[in-house]
Amino acid sequence: MGDLPERTSPLAGAILRCHGHREALLRRAGPLLSGAEVARLLGLDAAGVEALRAAHGLLAVKIETGCAYPASQFLGAEVLPGLAVLLQAHAGMDPWVVLDLLLAPDPAMNGRSPLQALREGDAEGLRRHIAQAGGDGFS
């Protein structure tokens, strides 16, 4: 972990807490898949996976070795239905922040995470979550 700060850095504590939070997110997100694993899973080539990610159809987070795809966004050999709508609602945000939002309990969905609600088909809860993401907290 050569990218962690030395303890003498004034930001060391904050950076180490951030690193710890990322590790906790990864534990909750399930295993990480490489781009090649996602390509095999979805029956795409590398360019197809990248195009899907660039269009906010897949979430990839940056790790030391490149990009990795949390397994929690897949259902069998498909992308979780409705995931693209959630990802597009959070377009432009850092992927780590998006992962945190997708895994965090949300009061608009009775304490479930957006990914849980998506897996359960809770269209109304997801609609409210997306409205809040867009700045309309009254929807």
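What is the volume of the second largest pocket? The second largest pocket has a volume of about 260 Å³, a pocket being an open set of points on a 1 Å grid over the protein atoms alone, where a 1.4 Å probe fits, with protein on both sides within 12 Å along at least five of seven lines. Of its 15 lining residues, R53, H56, L59, A60 and P95 are the closest to the centre, where lining residues have an atom within 4 Å of a point. Helices α3 (46–54) and α5 (95–103) each give two or more residues to this lining.

The model is predicted: local features need pLDDT of at least 70, side-chain atom pairs count only at pLDDT 80 or more, and totals for chains, interfaces and linings use all residues. Residues are numbered from 1 along each chain as its sequence is written, and side-chain values use heavy atoms, leaving out hydrogens and water.

The protein chain holds seven helices and five strands, which are DSSP runs (H or I, at least four residues; E, at least two).

R53 also forms a salt bridge with E50, with the closest N and O atoms 2.4 Å apart; the term requires a side-chain nitrogen of Lys or Arg within 4 Å of a carboxyl oxygen of Asp or Glu. R53 and E50 lie three residues apart in helix α3, so about one helical turn separates them. R53 is partly exposed at 27% relative accessible area (buried is under 20%, exposed over 50%, partly exposed in between, with a 1.4 Å probe and protein chains only).

A second salt bridge joins R112 and E120 at 2.5 Å; R112 is buried at 17%, whereas E120 is exposed at 53%.

Conventions. Points joined across faces, edges and corners; volume = space filled by probe spheres on them.
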